[in-house]
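Below is a short briefing on a sheet, a helix and a few side chains. The structure comes before the notes.

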Amino acid sequence: MEIEIISFGQITEFINNQKIEVDGIADTDAFKQYLEDRFPALKGTKYKLALNKNIVQQNTQITNQATIAIMPPFSGG
């Protein structure tokens with residue numbers, strides 16, 4: 001499965017690959033675990049995922065060639 005990653009803010013400092021090939025990752029919970037194993041600095045960082053431009057509120061299935069944005073917390077309107 002190929003996933004495009006878009007990162008924002010301080011997260012771009014430790015995630016430099018924008019496309020990754022992964023196997024065995026079917027949902028966003030598994031993807032978060034994969035990211036935190038691959039980029040340990042992410043474990044101590046608060047962040048949200050957006051899957052194909054939709055903020056992930058709960059575990060969601062990931063399909064091939066999905067785009068996932070990794071965003072630090074933000075506030076404002």
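Ala30 counts as partly exposed because its relative accessibility is 28%, where buried means under 20% relative accessible area, exposed over 50% and partly exposed in between (1.4 Å probe, protein chains only). This is a predicted model, in which local features need pLDDT of at least 70 and side-chain atom pairs count only at pLDDT 80 or more, while totals for chains, interfaces and linings use all residues. Residues are numbered from 1 along each chain as its sequence is written, and side-chain values use heavy atoms, with hydrogens and water left out.

**Ala30**
- Ala30 belongs to helix 1; helices (H or I, at least four residues) and strands (E, at least two) are DSSP runs, numbered from the N terminus.
- Between the C-alpha atoms of Ala30 and Gln61 the separation is 9.7 Å, and the two are 31 residues apart along the chain.

**Glu36**
- Glu36 also lies in helix 1.
- Glu36 is buried and has no salt bridge (a side-chain nitrogen of Lys or Arg within 4 Å of a carboxyl oxygen of Asp or Glu).
- Leaving aside neighbours within four places in sequence, Glu36 is in contact with Leu42, Lys43 and Tyr47 (contact means heavy atoms within 4.5 Å).

- Five strands form an open sheet with mixed pairing, in the order 2-1-5-3-4; two strands pair if DSSP finds at least two bridges between them.
- The edge strands, each pairing on one side only, are strand 2 (19–21) and strand 4 (54–55).
- Strand 3 (residues 48–51) and strand 5 (residues 66–71) run antiparallel, joined by four bridges.
- Leu51 stands opposite Ile68 in strand 5.

Notes
Lys, Arg positive; Asp, Glu negative; His and termini not counted.
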